[in-house]
Amino acid sequence: MSEQTQSPQAASSQPEGAPADAGVKQSHETIIRLSHVTKVFADPRTARKAAKQGKPLPKAVDDVSVDIAEGEIFGIIGYSGAGKSTLVRMINALERPTSGTVEVMGQDITNLSEGKLRPIRQKIGMVFQQFNLFESRTVAGNIAYPLVRDHWRADYRDRRVAELLEFVGLTEHANKYPSQLSGGQKQRVGIARALATHPRILLADEATSALDPETTKDVLDLLRRVNRQLSVTVVLITHQMDVIKRIADRVLVMSHGKAVEENDLFSLFANPQSPVTSHFISTVLDGAPSRETVADLHRHYDGRIITVVLREPVPERGITPSGQHISKLIASSPVTTSLLNGGVNDVAGHALGAITYEITGESANVENFITALRSDSDIVDFGTASAPVDYEKALRASVFSNVLDDPLASRSGSGDAPNETDTETSAETSKTTDANGDDKEAQA
Ligand SMILES: Nc1ncnc2c1ncn2[C@@H]1O[C@H](COP(=O)(O)OP(=O)(O)OP(=O)(O)O)[C@@H](O)[C@H]1O
C-alpha cells in the first residue's frame, strides 16, 4: 500500500486537528465481548510437572465471560497471578484463548490470522508498567513510531505527533530521550504513542504501578481525559484498589483465573460479594476495625463499641442507606458517643465509609440507641470490655462477614496485593510475546 492517500489513519487525522473535547461517549454498546474464555499454558515443563503430580494443567484464565461497553473505563483488579494480563492480552490477540471466544468491535477475533488482525490491532492501543519506550528515539520519535510503521505521510505524521504531544503536555520535551524523562513523563509518552493511530480501545496493564502516588494521580487523570475527551474505551488492569477507585466506571475482580465479581464501581464498594473484593476494598476504605484494634479499644474504653456503616443510598442499584440519620439519633438520645476511628470516602460521587464509636450511658438507653440505629443502618456490635462480643461472631452477623473468609488477607497488611500464584500449580514459563507483537526493539 502506498502512503497517505490510501491510509485510513492518515485520512482520519487530516482536517480535525487535535481531537476535540468530545465529552463522554455513552453508547453502552458492547465493544469487547469475552465469552467463556479459558487459557491453559501447556508448555512442556509445566505439562510434565502437572502430569507427574497427577494434577490438571493450571488455567491462567478459567471460563471468564465479560462484556465491556464502548466508552467506559473498565477496571480489572486481582492479586498477582490472578490472570489479569492474560485476559487482557486476549483482547488484542497477543494471547489466544484455549477455549471460548473473543469479539472486538463486533468481530470474532478468536482465530483470526495475524494479517486480518492488523487493522483491528491498529484500533487497540496498549500501555505498560515499564513504559516500553525506545531508548534510542526521542519523545517525538517514540510517538511517531506506529505512524511510521503504518506508512503515514510525513506531514500528517508530524501534525499528529504535535497534537499528541500537546494532549499529553509534553510539547517542550519533544526532542528529549526517554532517559531524560521522569517516570510520569515516560508514561505520558507511552500513552501518546498508544493513541497515535486513533484507537477506539486503550489497554493499560499496570500503567501506574511503577509510579509514585502523585504521578499516579496525574497519569490517571490523563487516562480519564483519554476516555472522556477522546471517547476511547479504557481497559485498565491493576492490583491497586486506589487506582480502580479513582477512575473505573465498572470493575471485574479476578482470582485464580476466575471472574469472581463484576459490578459498577459504587455497587462493588458498597455491596462486595466476595472475600477478595472485600479485602481489596479494605485497602482503601475504612471498614470494620481489625481484631487487634477492637481488642485495643476494649482495653482503653469501657463503653459499647460499635461500627456503623455510612452509605448513601442508590435505589436504582439496590444500594440501601446506612448511617444516614446517625447525627440526629445521637443528638436526640440520652447516651454519650465518642468517635474512635473510621472515615467517609467519596466513591463514584457517593459517600461511603464506616465509623467506630464508643457508646456510654444507662444500659437501657444504650440498648434503645443501638436498636434504633440498627433499624435503618448496618452496624457491627463489638460489645463492651466487660461483655465483649466474639470478633468473628460480630463480623459474621454484619455486612463485613465475607472479610473473614479472605484467605489472603492476613498475608497482605498493606495496600499491596499478595501473589496468589501457587508455586505448586502455576505455569512457570515466562512470557515471551512482546508489547505489540512487533515492537522487538522496545525496552523490557
Ligand atoms: N506465557 C506464559 N506461559 C506460561 N505461564 C504463563 C504465561 N503467562 C502467564 N502465565 C501464568 O498464568 C498465570 C496468570 O498470569 P497473569 O500474568 O495473567 O496474571 P496477572 O494477574 O496479570 O498477574 P501479574 O500482575 O503478576 O502479571 C500465572 O500463573 C502466570 O505464571
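Me: How many bridges join S3 to strand S9 (residues 250-255)?

Reply: This is a predicted model, in which local features need pLDDT of at least 70, side-chain atom pairs count only at pLDDT 80 or more, and totals for chains, interfaces and linings use all residues. Residues are numbered from 1 along each chain as its sequence is written. Strands here are DSSP runs of E with at least two residues, numbered from the N terminus, and two strands pair if DSSP finds at least two bridges between them. S3 and S9 run parallel, and the number of bridges joining them is five.

Me: Which residue of S9 is the bridge partner of Phe74?

Reply: Phe74 belongs to S3, which runs parallel to S9. Its bridge partner in S9 is Arg250.

Me: How many of the six residues of S3 are buried?

Reply: A residue is buried if 20 or more other C-beta atoms, placed from the backbone, lie within 10 Å of its own. In a regular strand the side chains alternate between the two faces of the sheet. One side of S3 holds Ile73, Gly75 and Ile77, the other Phe74, Ile76 and Gly78, and all are buried. Strand S3 spans residues 73-78, and its buried residues number six.

Me: Which strands are at the edges of the open sheet of four strands?

Reply: The order in this sheet is S2-S1-S4-S5, and the pairing is antiparallel. An edge strand pairs on one side only.

Me: Which residue in S5 stands opposite Glu103?

Reply: Strand S4 (residues 99-104) runs antiparallel to S5, and two bridges join them. Glu103 has as its opposite in S5 the residue Asp108.

Me: How many of the eleven residues of helix H5 are buried?

Reply: Helices are DSSP runs of H or I with at least four residues. H5 covers residues 139-149 and is mostly covered. The buried ones are Val139, Ala140, Asn142, Ile143, Ala144, Tyr145, Pro146 and Leu147. The count of buried residues in H5 is eight.

Me: Which residue just after H5 takes a positive phi?

Reply: H5 ends at residue 149. Just after H5, a positive phi of about 60° is taken by His151.

Me: Which helices are included in what covers the buried residues of H5?

Reply: Most of H5 is covered, with eight of its eleven residues buried. Among the elements covering these buried residues are helix H6 (154-168) and helix H7 (183-195).

Me: What distance separates the centres of domain 1 and domain 2?

Reply: Domain bounds come from an automatic or database domain assignment. Here, domain 1 is 4-279 and domain 2 is 291-398. Taken over C-alpha atoms, their centres are separated by 41 Å.

Me: Which helix gives the largest share of the side of domain 1 that touches domain 2?

Reply: Two residues are in contact if their C-beta atoms, placed from the backbone, lie within 7 Å. Eight residues of domain 1 are in contact with eight of domain 2. On the domain 1 side, the largest share is five residues, from residues 265-270, helix H10.

Me: What percentage of the residues of the protein count as buried?

Reply: The secondary structure of the protein comes to 15 helices and 14 strands. Among contacts between residues at least 6 apart in sequence, 72% join residues at least 24 apart. Of the 444 residues, the buried share is 40%.

Technical notes:
Buried ≥ 20, exposed ≤ 12 C-beta atoms within 10 Å, placed from the backbone.
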